[in-house]
Amino acid sequence: MKKTTREKALLILNDVFYKGAFLEEQLEILKQSKLDNRDYTFIREITTGVVRNRTYLDYVIKTNSKIKFNKIHKIILTILEMAIYQMFFLDRVPNYSIVSESVELAKIYGNRGSVGFVNGILRAISKNNEMPQVKIKDSIDNLSTYYSHPKFYTDFFYNNYSEDFAKKLLKANNQIPPFTIRINTIKTDRESFIKKLLEEGFSYEETPYKFALNIKNPEGIIDSLLFKEGYFYVQDLASILVSVYLNPTPNSQVLDLCAAPGGKSTHLSALMGNTGQIVACDKNKAKINIIKSNASRLGVTNIITKVNDAQVNNDNFVNKFDYCLVDAPCSAIGLYRKKPDIKWNKDIADIKQLSEIQLEILENAKNYIKTGGILLYSTCSVSKIENEDVITQFLKNNSNFVIKKIENKDTYKMFPHINNSDGFSMTMLVKNSQRLS
């Protein structure tokens, strides 16, 4: 029997919530199945929306259910989450249809009791004309529930910044991010590119960086000649600015230690006018091939790739480079807008474990920089544990490195609600000597 679009969405969510699947990968697999574009758009919208708003949806279920929350079968719970999301966040389908279709799913995946439960609770909830309010006395719990964020995340920004900052950040994390591209100056200039972009029927918004544009109608742009001929690279503004702040001089030697998929490496090449040499590394050979493919499409000729484990010291790299970029593996909690499932698969224990790996990588990277060279450490995380704390420990171990401020900050952070970018952190370090006693 052919599965409905709602059933396909249900199975994707079940795999993401309970089988360790990644939402982005599941949607990409679905896209490759030649599904009707309208159906794909619906499935993407409902799965992403449920993942993004999961805590709030569960709160609505808890406050309306006569059955204890932890007694509700997982797949029945997901059917309810989908229905409530559609009721309060989408407006194309009337509530009676949502209830009816949810009951049909319960008939397939539940028993008679489940069917009655789904029908009853959804009918009761559907009588609300407005989104139910969250009524939790504790402010941090209230915000975490309403905006569906891990409590540790809300707690940090509430207590270390302000309640207002936390609210704005959480709200921004739940919004759809812009589709940002970087103009490839190896092949074109800004004016020529914009002219071609408009001729192809695409419209854009400016960003603070003149070679980055937000595309307002990106559907089909990856299939365009502009993409295939390498005139641009899809890249978030924060990621773009990492290379801008490193700003290597022409003809220099640059190491990108954690380079895949190659966005920053190829941008560094453009900034250097395709001169000098960039060594782009990853420990995964398949990812190295992605870097090569991107470099080829973009017309980059000064990148060489190396299979290299950043956690292992490489004697061949010692004292060879003027610049080193360590865009370290991290929790990616700065990417909640793009990848909302990260909210539910990374916790404080994961973050602390990653910080140890990050410090190991920095301790190797320090050896690869010449005296006077620059080491830029970046993560797509806004956590203190993975950024300021790692840098503090590194500087304790290495007195011959000093911080060079970025935008007058020791660790410069970018936030969705301030910069309309991913959450990102960057720290620039200068090597003053080989070693100080």
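Contact here means heavy atoms within 4.5 Å. Keep that cut-off in mind as you click around this predicted model, where local features need pLDDT of at least 70, side-chain atom pairs count only at pLDDT 80 or more, and totals for chains, interfaces and linings use all residues. Residues are numbered from 1 along each chain as its sequence is written, and side-chain values use heavy atoms, with hydrogens and water left out.

**Stop 1: helix α1**

Select residues 5-18, which form helix α1. Helices (H or I, at least four residues) and strands (E, at least two) are DSSP runs, numbered from the N terminus. The end C-alpha atoms of α1 are 20 Å apart, which agrees with the 20 Å that its 14 residues should span at 1.5 Å a residue; the expected span is 1.5 Å times one less than the number of residues.

Now colour R6, E7, A9, L10, I12, L13, N14, V16 and F17, the buried residues of α1. Buried means under 20% relative accessible area, exposed over 50%, and partly exposed in between (1.4 Å probe, protein chains only). What covers them? Show α2 (23-31), α3 (37-52), α4 (54-62), α5 (74-89) and α6 (95-109), which are included in that cover. Following α1 you will meet G20, whose phi is positive, near 75°.

**Stop 2: two nonpolar cores**

A nonpolar core is a set of buried Ala, Val, Leu, Ile, Met, Phe, Trp, Tyr and Cys residues joined through side-chain atoms within 4.5 Å. The largest one has 65 residues, and Y153, F157, F193, L197, L376, M414 and M426 touch the most other members. Helix α13 (residues 237-246) gives this core its largest share, seven residues. Apart from it lies another core, of 47 residues, including A9, V51, V60 and Y85; A9 is one of the buried residues you coloured in α1.

L197 counts as buried because its relative accessible area is 0%. Beyond residues up to four places away in sequence, L197 touches F202, Y204, L213, I215, I221 and L226.

Then pick M414. Leaving aside neighbours within four places in sequence, its contacts include L237, A238 and L241, as well as V382, F424 and M426.

**Stop 3: strand β1**

Move to T180 in strand β1 (residues 179-183). Is T180 buried or exposed? At 4% relative accessibility, T180 is buried. Its side chain joins that of N214 through a polar contact of 2.7 Å, meaning a pair of N or O atoms within 3.5 Å; within protein, one must be able to donate a hydrogen and the other to accept it, and residues adjacent in sequence count only if both atoms are side-chain atoms. Among the contacts of T180 beyond four places in sequence are Y233, Q235 and L237.

**Stop 4: the annotated site**

For "binding site", an unreviewed UniProt entry lists C258, A259, A260, P261, G262, G263, K264, D282, D309 and D327. These positions are in the numbering used here, feature names are shortened, and annotations may be inferred rather than shown by experiment.

Start with G263, in helix α14 (residues 263-271). G263 counts as buried, at 6% relative accessibility, and is in contact with R182, Y233 and Q235, leaving aside neighbours within four places in sequence.

Finish at D282, in strand β6 (residues 277-282). D282 is buried too, with a relative accessible area of 12%. A polar atom of the D282 side chain lies 2.8 Å from the backbone nitrogen of N284. Beyond four places in sequence, D282 is in contact with A260, K287, I288, K306, V307 and N308; of these, A260 is itself listed in the UniProt site.
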